[in-house]
Amino acid sequence: MERYREVIPEWEAFWEAILRPLPTVIRTNTLRIDPSDLRRRLERKGFDLRPLLWDETCFEIRGEIPAGNTLEHWLGYYYIQEATQLLPVKALGPKPGERVLDLCAAPGGKTTQIAQYMEDSGLLVANDDSAKRIQALLANVYRLGVRCVVVTECPGQEFPGEAEFDRVLVDAPCSAEGVARRFPHLRKGAPPGVIQRLATLQKKLLVRALELVRPGGIVVYSTCTLAPEENEGVVQSVLERGLAELLPWEPPVPHARGLVQFGEAEYGPEMQKTVRIYPHHFDSEGGFIAVLRRPQ
Ligand SMILES: C[S@@+](CC[C@H](N)C(=O)[O-])C[C@H]1O[C@@H](n2cnc3c(N)ncnc32)[C@H](O)[C@@H]1O
């Protein structure tokens with residue numbers, strides 16, 4: 001990660017955060033239960049819940065037993081979802097009745113969040129290319145009782161069809177440097193070969209997403225890595241080809257803006273419309289979010 005020293009603000013605070021344990025956050029499944037009822041039920045069981053200041057349906061939770069070991073979890077009343085991972089769907093802004101594609105969906109944290117924002121109406125296609133991970137996606141869709149979802153198994157870059165979707169989420173497979181709090185082996189940074197291989201795939205996924213969204217429709221590109229080659233570099237590749245325009249997005253949390261340059265790479269001022277989240281910003285994991293619109 002040393003190569004990010006010059007671009008990550010408050011480098012010492014960043015490292016301190018990486019070395020601290022990560023808080024557990026849950027998102028209420030509002031299709032099933034009201035957040036205040038969920039809070040009451042879990043507090044009666046001895047958990048301590050603190051609502052997130054920027055999303056009253058979500059709580060930081062502490063307890064003697066893991067948050068996944070409750071009846072309420074098995075009843076689908078909540079989903080354990082890291083705080084930064086709540087943001088891409090907020091940026092996507094799905095609405096009831098729309099057609100939405102989640103191109104890399106497993107295990108379904110964002111799929112079930114999208115369904116919630118759609119009030120379980122319209123059509124949500126949740127796709128992934130891993131049969132094994134799709135088992136978890138299906139289990140989560142079932143557990144949370146979502147009915148507007150169709151699950152498909154397909155390499156996202158080959159997803160069939162035409163420009164039929166109002167919104168597409170590309171929560172891309174990535175080198176995951178942003179989750180180094182949970183996985184210490186990631187603290188030294190991802191190998192360059194892995195980053196290059198993933199960036200090539202991510203560009204194909206984003207191009208296909210922009211073909212599948214209707215003209216004027218929204219595509220959100222998100223990762224949980226810090227590597228500019230997988231973030232700004234991927235977004236730049238579609239901007240240069242005129243496939244999309246970048247929209248500014250103001251997240252409800254402290255954040256940094258996308259990099260204008262990194263090493264030899266020039267990404268340009270436009271990239272400041274994208275968002276970088278670092279672990280010290282609000283005691284979370286790291287990530288990147290870009291909101292794109294397909295030209296009319
Ligand atoms: C970051 S994870 C998605 C997490 C998910 N959006 C969530 O919120 O629970 C990336 C996913 O991309 C999938 N994936 C990898 N290569 C893919 C491809 N070519 N097409 C579609 N999905 C792919 C992986 O199996 C993995 O489930």
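Strands are runs of at least two residues that DSSP assigns as E, and they are numbered from the N terminus. The exercises below use a predicted model.

**Exercise 1.** Find which strand gives the most to the lining of the second largest pocket, and describe that lining.

*Solution.*
1. The second largest pocket has a volume of about 290 Å³.
2. Its lining consists of 14 residues, and nearest the centre lie Leu-52, Leu-53, Trp-54, Glu-60 and Phe-282.
3. Strand 2, residues 48-52, gives the most to this lining, with three residues.
4. Sorted by class, the lining of the second largest pocket holds 11 nonpolar and three charged residues, and no polar ones.

**Exercise 2.** Describe the lining of the largest pocket by its residues, its elements and its classes.

*Solution.*
1. The volume of the largest pocket is about 1100 Å³.
2. It is lined by 40 residues, and Ala-106, Pro-107, Lys-110, Arg-133 and Asp-171 are the closest to its centre.
3. At least two lining residues come from each of strand 1 (24-28), strand 4 (78-80), helix 5 (109-117) and helix 7 (192-212).
4. Helix 7 supplies the largest share, three residues.
5. The classes in the lining of the largest pocket are 22 nonpolar, nine polar and nine charged.

**Exercise 3.** Explain why each pocket lies between domain 1 and domain 2.

*Solution.*
1. For the largest pocket, domain 1 (2-21 + 85-293) and domain 2 (23-81) both contribute lining residues, so this pocket lies between them.
2. For the second largest pocket, lining residues also come from both domain 1 and domain 2, and therefore the second largest pocket lies between these domains.

Key
Residues are numbered from 1 along each chain as its sequence is written. This is a predicted model: local features need pLDDT of at least 70, side-chain atom pairs count only at pLDDT 80 or more; totals for chains, interfaces and linings use all residues. Side-chain values use heavy atoms; hydrogens and water are left out. On a 1 Å grid over the protein atoms alone, a cavity is a set of points where a 1.4 Å probe fits but cannot get out, and a pocket is an open set with protein on both sides within 12 Å along at least five of seven lines; lining residues have an atom within 4 Å of a point. Grid points are joined across faces, edges and corners, and a volume is the space filled by probe spheres set on the points. Helices (H or I, at least four residues) and strands (E, at least two) are DSSP runs, numbered from the N terminus. Ala, Val, Leu, Ile, Met, Phe, Trp, Tyr, Cys and Pro count as nonpolar, Asp, Glu, Lys and Arg as charged, and the others, Gly among them, as polar. Domain bounds come from an automatic or database domain assignment.
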